Amino acid sequence: MPAWLQSLRSAIEHPLAAYYMLLGASALLLTIGMIMVLSASSVHAYSTYGDSYAVVKRQLMWVGIGLPLAFIASRMPQRLLRGLTWPALGIALLLLALTKTPLGVSVNGNTNWLALGPIQIQPSEVAKLAVVLWAAHVFAIKERRLNDWREVAVPVVPGVLAVALLVVWQNDLGTALVVFAILLALLWAVGVPMRLFAFALTVVGVGVFYLAATNSERRQRLFNFVDPFKEYHDAGWQPAHGLYALSSGGVFGQGIGASQQKWGDLPEAHTDFIFAVLGEELGLVGTLLVLALFLTIAYAAIRIATHTSDPFVRYASFGITVWLIGQMMINVGMVLAVLPVIGIPLPLVSYGGSALLPSLIALGILIGFARREPEAARALAARRRGGAAGLSAR
């Protein structure tokens, strides 16, 4: 075996590998996201607010709030974290319902925002994290009874369906798809019989197709996403210009700040379609780097889930992975025009505090799981003792 391959294998097998993978990949994605939000939003921010840095300043504010929350989540005792899961689900359901009151705000045809004073939040983003942790907590309690499908179904399936239906009521089918994906993934993780899993998958698929086919805008996107240039001046405008951006980026990109599509041709350039601007400015190399960082997070989280003996850690790690990676795949798929445009942001990269804060907290929770693994905890303790001994010697 070559020396470099042996060194790589040794590094991957290190007890702290998952911990450092999560820290490194998350930090790099967040840094790339800040750079791309600054670049992609500069024209829009100047034309709207008279300040090219107006949007990125808000994103910096959300990062400044999110990083301490992620640190707290990484150090939070598991008993306290699990104790918060039921209240978190209740708050998520309440916030989702409040969007149908005068506090609700409609954006791009979806009434999925909530005005709380000067701040607008998207409750469905909070609901994703609440659903993952609550379902993991319930399944962990029922660990020895999960061979009975009725124990699996109640109360998790009705609870998650309640969240999904409230999201659909807001006219946000894209986020509902992510919630359904989390539910199906957790059902698969707890070992639901294949016939029941196939039935659930069929029901969800038929329901989603019905919701898409009975809405004129969704139906247009559904039937035209394969060839966006067919409806270039209508439903195909956004995906077509996303493809223009990606194709003009080449291998190494046009350079940071050199995007042409962000000057007004590409809608939502700093939010849902930021991956297109990233591809235009950083090229194929930049897009592959971002995908590799997401896969690194997925590998580390799955490693935690498969190495732990704690059922809550296993289910929560798997659920967070499906949520973040599934959302990444949907976002990249719609930018590449292999999926319809359904308004899903790219985690850690797209602009928006409502999506960023839950994602950072979820990653903080994963980092906490990684550092509390028995071998990792011993390695960290040994490192601290070594550092203290070194200070004493000096």
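I began with helix α6: 17 of its 19 residues are buried, so the rest of the structure largely encloses α6. Buried here means under 20% relative accessible area, exposed means over 50%, and partly exposed is in between (1.4 Å probe, protein chains only). Helices are DSSP runs (H or I, at least four residues), strands are DSSP runs too (E, at least two), and both are numbered from the N terminus.

I noted the ground rules. This is a predicted model, where local features need pLDDT of at least 70 and side-chain atom pairs count only at pLDDT 80 or more, while totals for chains, interfaces and linings use all residues. Residues are numbered from 1 along each chain as its sequence is written, and side-chain values use heavy atoms, with hydrogens and water left out.

**Helix lengths**

I checked α6 end to end. At 1.5 Å a residue, its 19 residues should span 27 Å, and its end C-alpha atoms are 27 Å apart, which agrees. The expected span is 1.5 Å times one less than the number of residues in the helix. I did the same for α5. Its 14 residues should span 20 Å, and the end C-alpha atoms of α5 are 20 Å apart, which agrees.

**The face of α5**

Which residues of α5 are buried? I found Thr-85, Leu-89, Ala-92, Leu-95 and Leu-96. Seen down the axis of α5, they fall within an arc of 130°, so they line one face of the helix. The arc is taken from the directions from the helix axis to the C-beta atoms.

**Leu-96**

Leu-96 is buried, with a relative accessible area of 1%. Contact means heavy atoms within 4.5 Å. Setting aside neighbours within four places in sequence, I listed Pro-123, Ser-124, Ala-127, Val-163, Leu-166, Val-167 and Gln-170 as its contacts. Leu-96 and Leu-293 are 197 residues apart in sequence, and 31 Å apart in space, C-alpha to C-alpha.

**Aromatic pairs**

How many aromatic pairs does the structure hold? I found five. Rings of Phe, Tyr and Trp (its six-membered ring) pair if their centres lie within 6.5 Å; planes under 30 degrees apart are stacked, over 60 edge-to-face, and the rest tilted.

I looked at Phe-139 and Tyr-315. Their pair is edge-to-face, at 6.1 Å centre to centre with 70° between the planes. It links distant parts of the chain: Phe-139 is in helix α6 and Tyr-315 in helix α14 (residues 311-335), 176 residues apart. Both Phe-139 and Tyr-315 are buried.

Next came Phe-312 and Phe-369. Their ring centres are 6.1 Å apart and their planes stand at 85°, so this pair is edge-to-face. Phe-312 is in helix α14 and Phe-369 in helix α15 (residues 353-371), 57 residues apart, so I logged a link between distant parts of the chain. Phe-312 is buried, at a relative accessible area of 0%. Phe-369 counts as buried at 3%.

**The core**

I looked up the largest nonpolar core. A nonpolar core is a set of buried Ala, Val, Leu, Ile, Met, Phe, Trp, Tyr and Cys residues joined through side-chain atoms within 4.5 Å. Of the 114 residues in the largest one, Phe-139 and Phe-369 touch the most other members. Helix α2 (residues 17-49) gives the most to this core, with 14 residues.

Most residues other than glycine have a negative phi, and most peptide bonds are trans. A cis peptide bond joins Val-154 and Pro-155, with omega about 5°. Pro-155 is in the loop between α7 (149-153) and α8.

Asn-171 is not a glycine, yet has a positive phi of about 75°. I placed Asn-171 in the loop between α8 and α9 (173-189). It is partly exposed, at 29% relative accessibility.

Glu-268 has a positive phi too, near 55°. Its loop runs between α12 (237-249) and α13 (274-307). Glu-268 is partly exposed, with a relative accessible area of 31%.
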